[in-house]
Amino acid sequence: MRFADAVEFALTSLRKRRLRTFLTASGVMIGIGALVSMISFGKGMQKNVTSAFRASDLFNTLVVMPGGAEVPSGDPDRQRRPTKATGRSDAILDDAAVAGISRIPGVRTAYPDISFPALVGLGGAEEFRLVQVVPAAVAASKAMGVKWGRAYASDDEAGVVVSRALARRLGTADAAAAVGKTLRITSVSIDLGRIVSLDLGGLFSGKGLPVAREAYDFPIVGVTDIAPFGGGVTSVQNAVLIPPGPAGRIKRLPITSIWDLFRMRDGRLGYSAVNVRLGSLADLEAVRARVREMGFATFALADQFDEITRAFFIMDMVLAAVGMIAIVVAALGIINTMVMSILERTREIGVMKAVGAEDGDIRTIFFFESGAIGLAGGAAGCVLGWATSLLINRIVNFYLARQGMPHVDYFAFPFWIFLGAVGFSLLVSLVSGIYPARRAARVDPVVALRHD
């Protein structure tokens, strides 16, 4: 039997049973659609995280921390100290240390990670936030993502940059409209006047603490569009960026958490961390070795990239396994359809054998039938998975936009996903057709011709 004849026989048989063929192919379509959506979601998440890290220059960033004991897990400021301290406990991360780190070959810039809690207000709305002190050179970089307005021009300019999410939460839905408005920053400082008449009994009972509030007004010069998977200084908590000059004139407590007091040495506190921007990723090991010689601990997200990739690989496998459940159900549907087709076409098979068709020809016809079902279902499944993913992405972004979050593509569709999905669907259908094809080939032509 010629190849063209086998294809014609298979397609003719499928056309005669349109409803059954459609229902069986629909099962394959749903299974492949679920598999495509699952895998594209995992790839989309991985792409977003990796792109955000690269855009924010995190792979070329080294975080330097003082040595000593590990910060307790309950510390709310722990997110800025993401590793165990392994350096010398007597090494103080002060201005002299920052200057020494800046002189290391391969270091592009180094600046202390300074933030302080404050009550920020815009109009009549107020929220608690950590205000981050960032040099102008860093604030003007592409990693900060200032999309509306501009970054402050110098370290002494009296202006701030806020996140789009914070502006929205403070009542300004249009990020561009927030530029030029006045942001009030209310900090807490020690009231020297109340220390003289301090009641020690009241102090230890939490009453009469010598603190006072100070309010400062700054114009908003720019608004950033913070990526959901971004990092560095533009995090959700640190939604206000301020240059070092104005920050130095704000009266505030020198600590962000009680654990900072345990880092003091001879009355000197030092910085909790220093952000180091490298010239390239190739400079990481050399700079880290020099910093550790100075007695400080280090942390680099580039070291964790392999673990991040491995975690996403495991997530992809889990998502694919969930999608495989629908594929197994679809395979059983193909087997059932082909077996029923054999029972209905027993006399037809007997006639084909009587006129000279061999067992291999019968197997080929049934293989083509199952393969055609898998091919059609796989192609339709790719379209279904793509359309469903786009719909879900649109719905999720519509909801997040109302919360002030930027648009994110949660699904990614590299071309190999569609090719792999169609190929996998074809493979599953052919495997599902093995038993029905062999059963059809074993039909006795004499018995088949007597079959009603």
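Reader: Is the crossing of H13 and H15 right-handed or left-handed?
Author: This is a predicted model. Helix H13 covers residues 359–402 and helix H15 covers residues 434–441. The crossing of these two helices is right-handed.

Reader: At roughly what angle do the axes of H13 and H15 cross?
Author: A pair of packed helices is described by the distance between the axes and the angle between them. For H13 and H15, the axes come within 8 Å. Their crossing angle is roughly 145°.

Reader: How many charged residues does the contact of H13 with H15 have?
Author: On the H13 side, the residues are Asp359, Ile362, Arg363, Phe366 and Phe367. They meet Ile434, Ala437, Arg438, Ala440 and Ala441 of H15. By class, seven of the residues in this contact are nonpolar and none is polar, and the number of charged residues is three.

Reader: Is glutamate 369 buried or exposed?
Author: Glutamate 369 is found in H13. Beyond four places away in sequence, glutamate 369 touches Phe9, Ala10, Ser13, Leu14, Met338, Ser341 and Arg345. Its relative accessible area is 1%, and the cut-off for buried is under 20%. Glutamate 369 is therefore buried.

Reader: What distance does helix H14 reach from its first C-alpha to its last?
Author: H14 runs over residues 415–432 and has 18 residues. At 1.5 Å a residue, the expected span is 26 Å. The reach in the model is close to that value, at 26 Å.

Reader: What arc around the axis do the buried residues of H14 cover?
Author: The buried residues of H14 are Ile417, Ala421, Ser425, Val428, Ser429 and Ser432. They lie on the same side of H14, because the arc they cover around the axis is only 95°.

Reader: Which residues are exposed on the other side of H14?
Author: One side of H14 holds its buried residues, among them Ile417 and Ala421. On the other side, the exposed residues are Phe415 and Leu419.

Reader: How far apart in space are valine 422 and leucine 375, C-alpha to C-alpha?
Author: Valine 422 is found in H14. Apart from residues up to four places away in sequence, valine 422 touches Leu375, Gly378, Ala379 and Cys382. Valine 422 and leucine 375 are 47 residues apart in sequence. In space, C-alpha to C-alpha, the distance is 6.4 Å.

Reader: Within what arc do the buried residues of H12 fall?
Author: In H12, residues 346–354, the buried residues are Thr346, Ile349, Gly350, Met352 and Lys353. Seen down the axis, they line one face of the helix, because they fall within an arc of 160°.

Reader: Which residue with a positive phi follows H12?
Author: H12 ends at residue 354. The phi in question is near 115°. The residue that has this phi is glycine 356.

Reader: What is the relative accessibility of threonine 186?
Author: Threonine 186 has its place in strand S7, residues 182–190. Neighbours within four places in sequence aside, threonine 186 is in contact with Ala118, Leu119, Arg213, Glu214 and Ala215. Threonine 186 counts as buried because its relative accessibility is 13%.

Reader: What percentage of the residues of the chain count as buried?
Author: The secondary structure of the chain comes to 16 helices and 11 strands. The chain has 452 residues. Of these, the share that counts as buried is 45%.

Methods
Residues are numbered from 1 along each chain as its sequence is written. This is a predicted model: local features need pLDDT of at least 70, side-chain atom pairs count only at pLDDT 80 or more; totals for chains, interfaces and linings use all residues. Side-chain values use heavy atoms; hydrogens and water are left out. Helices (H or I, at least four residues) and strands (E, at least two) are DSSP runs, numbered from the N terminus. The expected span of a helix is 1.5 Å times one less than its number of residues. Buried means under 20% relative accessible area, exposed over 50%, partly exposed in between (1.4 Å probe, protein chains only). The arc is that of the directions from the helix axis to the C-beta atoms. Axes are lines fitted to C-alpha atoms, for helices over the stretch in contact, and angles run from 0 to 180 degrees between N-to-C directions. A crossing is left-handed if the near helix is turned anticlockwise from the far one by less than a right angle, and right-handed if clockwise. Contact means heavy atoms within 4.5 Å. Ala, Val, Leu, Ile, Met, Phe, Trp, Tyr, Cys and Pro count as nonpolar, Asp, Glu, Lys and Arg as charged, and the others, Gly among them, as polar.
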